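Here is a short walk through a structure for someone meeting it for the first time. Keep the sequence and the 3D view side by side as you read.

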Amino acid sequence: METASLPIEPKTNYLNADYGIKSWLLTTDHKRIALLYLGSITMFFFLGGFFAMLIRLELLTPAGDLVLADTYNKLFTMHGIVMIFLFLIPSVPAVLGNFLVPMMVGAKDLAFPKLNLASWYIFITGACFILYAILTGGVDTGWTFYTPYSTTYSNTNVITAALGVFITGFSSIFTGLNIIVTVHRMRAPGLTWRRLPLFIWANYAASVIMVLGTPVLAITIVLVALERLFHLGIFDARLGGDPLLFQHLFWFYSHPAVYIMILPGMGVVSEIIACFSRKRVFGYDFIAMSSIAIAVLGFLVWAHHMYVAGISTYAAMIFSLLSFFVAIPSAVKVFNWTATLYKGSITFETPMLYVFAFIGLFTIGGLTGVFLASVGIDLHVTDTYFVVAHFHYVMVGGMVTAFMGGLHFWWPKITGKMYPEAFAKLSAVLVFVGFNLTFFPQFLLGYMGMPRRYHAYPAEFQVLNVLSTAGASILAVGFVMPMIYFVWSLQYGKDAGPNPYRAAGLEWMTASPPPTFNFDETPTVTWEAYNYDEIDAPKKGVEVAG
Amino acid sequence: MWSNLPLFPARASSMAGHVDALYFALVAITAFFTILVSLLILFFAIRYRKERNPQATQIHGSTALELLWTGIPLGIVMIIFVWSSVIFFMQTRPPKGAMEVYAVGKQWMWKFQHTEGQREINQLHVPAGRDVRMIMTSQDVIHDFYVPAFRIKADVLPGRYTSTWFHATVPGRYHLFCAEYCGTQHSGMIGEVIVMDPADYDRWAAGAVDGSLASSGEKSFQQYGCSMCHRADAAGRGPNLVGLFGRPVLLDDGRTVTADESYVRESILNPGTKIASGFKNIMPTFEGQLSEEEVIGLVAYVKALGDGSANLPLPVSEPNSGTYPVAPKAEASAAKSDKTATPPPTKATPATKATPAAPAEKQ
Amino acid sequence: MPDSETAVHNLKHHFADLEQQRATSTFGMWLFLVTEIMFFGGMFAAYLIYRLSYYNAWVAGSQTMEIKLGAINTAVLICSSLTMVMAVHSAKLGNRKLTSLCLILTLVLGFSFLGIKAVEYHGHWMHHEVPGANFHFEHEGNYDPRQVSIFFSLYFAMTGMHAFHMIIGAGLLTWLLIANTRGRFSPEYNSPVEMVGLYWHFVDLIWIYLFPLLYLISHHHNG
């Protein structure tokens with residue numbers, strides 16, 4: 001059913017239902033809260049990117065001649081803290097998840113709307129602490145806060161930054177809690193678990209990790225702060241403590257955290273690939289179960305960050321074995337997505353380009369994880385640029401790419417406007433090219449032996465570093481362009497209509513932008529997810545997607 | 001510039017070839033699957049683009065395919081796991097008879113002590129063709145001993161010993177990096193490993209002016225009064241250390257531990273935590289009075305006592321005088337309190353406190 | 001207030017009915033308590049790992065705890081859980097006065113716990129058992145005083161975090177008291193009381209684990 005021929009009535013939607021700053025700052029509408037998050041994390045993304053730019057500029061030359069060593073150490077620390085805690089962890093769950101989860105399950109809002117708003121305020125409070133730490137001298141411990149450097153030796157704003165991370169952790173916990181309860185308790189009638197979009201499965205699994213893992217980081221950070229304040233010695237060998245205990249506690253959260261970051265992106269990929277192939281996702285059950293498997297296995301592999309840290313040989317072997325296992329569900333997803341394309345009817349809108357980029361880059365990133373799971377090789381490449389390349393492939397090549405794809409895919413739903421397709425495709429290509437040029441040389445640098453967190457380096461590493469910085473400049477352009485054309489589209493973009501892509505999913509069955517309470521009446525679901533056969537059925541009068 | 005574009009480091013140890021072989025296998029697997037997936041996507045995208053295939057075919061899935069692409073990757077990674085574990089076992093089990101070099105990392109330099117007595121800073125001479133075992137500790141934060149050309153890496157921790165080993169094969173100069181972020185000059189905590197022909201190395205090592213590590217340990221042993229209680233017979237207040245190193249030790253709580261480097265170090269710095277069976281908890285701690293280098297010297301001496309290659313502790317003229325060891329060295333005694341003789345504790349007295357009044361910070 | 005009015009007044013717009021709302025908030029509170037288990041779990045893990053390696057120091061530290069005060073506190077908290085259950089029950093019956101009484105009793109018991117804890121902390125301070133510059137430990141046994149300092153660090157971190165949770169609980173109870181006085185609760189709508197009850201029981205349960213782990217390690221003498 002085409003509604004594009006009808007004029008879009010100036011109906012009340014969540015954007016124009018109420019005006020004024022109070023209506024935004026005191027909103028309990030999950031969609032507005034999602035936009036509050038979107039604005040905040042975009043700012044933090046560019047802040048983290050600014051630090052990255054300075055890092056890459058410094059690394060153009062072997063000598064440490066752009067900034068002081070201490071400054072450099074602060075730059076990579078703050079790049080990590082800002083990108084991970086203020087951008088990546090919230091990105092899909094708190095922006096796309098907040099916006100879409102209630103709609104995808106046919107609910108009027110998340111289970112706890114006020115808690116959702118509180119989550120955002122907690123996030124901003126934590127971010128303020130981190131910003132304050134940055135502005136008053138920075139932190140130089142690395143985002144990993146290893147002891148005893150962080151507790152005893154560093155002279156920077158460790159406690160302030162740690163408190164900031166601690167506070168933002170609660171934002172993450174409450175968002176995850178909200179999502180889990182919503183999915184369990186607020187599905188529309190007829191919407192069984194196996195009829196849910198895979199985006200829901202993915203965010204559900206990520207939320208389970210958020211809820212179980214983040215508290216451990218919280219208490220670890222508290223203990224670090226206490227130790228620093230009161231010279232306690234829990235993690236300091238000179239005072240009888242064990243620095244390895246910190247590492248275990250830290251990585252117990254921080255490894256599952258990477259799955260918090262990637263799983264929602266995988267959910268986005270499933271939605272987009274189904275839509276632009278016009279068919280259901282191949283192997284729905286397996287993709288859903290693999291999300292759960294990743295969440296469970298992800299908690300069992302943390303010490304693969306510690307193979308050289310002083311753990312026993314046998315512990316290293318066990319974690320190595322488990323780390324190989326955790327790679328398998330991700331591989332299953334990649335194959336299932338590829339198979340989804342088979343006998344599809346494929347078009348190449350911008351979100352689909354990002355999905356193709358994701359699958360290729362995530363495959364490389366994930367497989368280089370297998371290098372790191374292999375203890376024999378890890379002994380050589382851990383703490384080098386190989387690791388830096390690996391995690392940027394999965395985090396940027398994977399997660400950020402998926403986030404960009406999702407932002408483009410749901411932009412019409414969120415704003416009611418279309419972005420300019422040509423510019424969007426161009427920036428997708430720039431991101432892909434720039435990204436590979438930036439990070440692929442780093443695999444080589446790492447195997448060559450260039451350690452990470454190095455301000456200055458031996459001259460033989462310079463060529464690859466120059467290539468990397470060149471790539472970063474292209475990548476930066478690719479990220480700045482969407483900022484410009486998304487904002488442009490708010491005023492000048494074409495009106496989107498409820499379902500410009502004729503996608504499946506409850507969120508597309510309501511107006512763009514949606515009304516405040518999402519649906520005029522709660523739908524009753526009798527169809528499977530990704531019912532593209534019904535949507536694309538040649539006969540007229542099919543009353544599914546609008 | 002381009003001709004010098006390196007792609008992997010020199011292979012200068014016995015492990016390098018093994019590690020590289022596994023690496024290349026993984027590169028091949030990664031390339032294979034990346035290309036496979038990319039080609040499939042490319043092919044499907046072209047073959048099934050909307051213009052050529054206007055109607056999609058709904059396919060739920062295929063359990064057979066799922067099993068296939070779960071099973072095959074699982075099989076491949078299990079092979080990799082076994083292969084990598086074999087390499088790992090080689091990397092973590094130094095052969096018997098390896099020569100030992102001690103390392104102390106501190107912000108922001110490496111200090112090495114050879115058993116022959118040579119001391120180096122930021123440079124490490126080793127012979128080619130011999131197994132070398134590094135026994136390392138840190139004076140402050142966590143560092144990491146990394147020699148890319150050898151394909152080895154091990155964190156260096158404060159408060160305990162960690163170790164790694166290598167068998168250098170090609171003479172030359174190779175990078176040594178600290179690979180665990182440790183503060184301001186982390187990227188400056190670099191050096192060189194200089195691999196020499198065995199004959200050249202022996203000549204170089206013989207040039208040590210201060211005597212072997214064990215002999216400097218022996219000097220410390222006398223100077224700090226260890227020999228007052230640790231005699232070369234069974235009559236001392238402390239266990240006889242001759243022949244002890246490497247053997248199991250029965251503790252008073254029933255546990256048995258091996259007398260390795262960590263045990264010796266702990267016994268010097270924290271004696272109250274492990275009491276040998278049959279002895280009382282009366283050994284004072286030397287925490288804060290000995291530098292890491294002195295501790296290493298003592299460890300080397302106890303090791304040499306263990307294999308009979310060291311001089312036995314000198315007998316003390318008044319074994320039961322009841323006086324405690326004194327530190328005749330000027331700097332150390334300035335650090336300790338002024339009492340030169342403390343009466344021996346009775347049975348019920350608790351363990352001695354950890355730190356004396358103002359421990360001198362040793363380099 | 002007529003029941004239907006209360007029901008309508010309390011039903012949030014995004015729920016279909018009060019039953020869904022109650023089930024949702026119950027689920028949410030249980031899930032939150034799971035996160036609290038993980039939160040305290042980090043400290044319990046550190047405690048257990050160190051106890052394995054530093055057993056003698058753990059014994060020495062534990063011997064200085066005042067078992068009497070700890071036991072009284074345990075009884076106080078268990079009683080407070082009883083009064084809390086009674087508050088929940090009274091709310092379900094719609095007995096506003098009894099609900100208020102039980103909430104007040106719970107608060108009193110809670111504050112008693114905190115008061116006794118304060119007395120204990122003061123004692124530790126006076127005996128130089130607080131880690132930091134003022135720490136000075138003498139006791140019989142084969143232990144390293146630095147390790148005892150770690151025991152006390154964990155003791156203060158764990159009991160301190162627990163006390164902090166109790167203070168939050170006291171705040172929640174006060175809020176319930178005020179709401180109850182204003183007639184917010186009824187047999188149809190009383191889930192806030194039940195949710196705070198769950199939270200309170202959880203905090204009690206944490207203490208029931210803390211008490212033996214911290215106070216009762218290998219006690220030989222009368223303590």
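Begin with chain C. Chain C has seven helices and zero strands. Read along the sequence, its pattern is α-α-α-α-α-α-α. Keep in mind that this is a predicted model. The C-alpha trace of chain C spans about 70 × 30 × 30 Å along its principal axes. Chain C holds 223 residues, and 39% of them count as buried. Now look at how chain C folds back on itself. Take the contacts in chain C between residues at least 6 apart in sequence: 79% of these join residues at least 24 apart.

Move on to chain A and find helix 3, residues 69-88. Helix 3 of chain A has 20 residues. From its first C-alpha to its last, this helix reaches 27 Å. That is close to the 28 Å expected at 1.5 Å a residue. Is helix 3 of chain A largely enclosed or largely open? Of its 20 residues, 16 are buried, so helix 3 of chain A is largely enclosed by the rest of the structure.

Next comes chain B. Here five strands form an open sheet, in the order 4-10-9-6-7. The pairing in this sheet of chain B is mixed. Which strands stand at the edges? They are strand 4 (123-127) and strand 7 of chain B. Each has a single partner strand, so one side of each is left without a neighbour in the sheet. From one strand to the next, the twist averages 25°.

Strand 6 and strand 7 of chain B run antiparallel to each other, paired over five bridges. Within strand 7 of chain B, B:A154 stands opposite B:F145. A helix also packs on this sheet: helix 3 of chain B, residues 198-206. It touches strand 4 and strand 10 (191-196) of chain B. The direction of helix 3 of chain B makes about 125° with that of strand 4 of chain B.

Finally, see where chain B meets chain A. In this interface, 74 residues of chain B are in contact with 77 residues of chain A. Several elements of chain B each supply at least two residues to its side, including helix 1 (14-47), strand 6 (143-147), strand 7 (152-156) and strand 9 (172-178). Which element gives the largest share? Helix 2 of chain B does, with 15 residues. That helix covers residues 63-92. By class, the side of chain B that touches chain A has 41 nonpolar, 23 polar and 10 charged residues.

Methods
Residues numbered from 1 in each chain as written. Chains lettered and ligands numbered in written order. Predicted model: local features only at pLDDT ≥ 70, side-chain atom pairs only at ≥ 80, totals over all residues. Contact = placed C-beta atoms within 7 Å. Helix = DSSP H or I, 4+ residues; strand = E, 2+ residues; numbered from the N terminus. Nonpolar A, V, L, I, M, F, W, Y, C, P; charged D, E, K, R; others polar. Buried ≥ 20, exposed ≤ 12 C-beta atoms within 10 Å, placed from the backbone. Pairing = 2+ DSSP bridges. Axes fitted to C-alpha atoms, helices over the stretch in contact; angles between N-to-C directions. Expected span 1.5 Å × (residues − 1).
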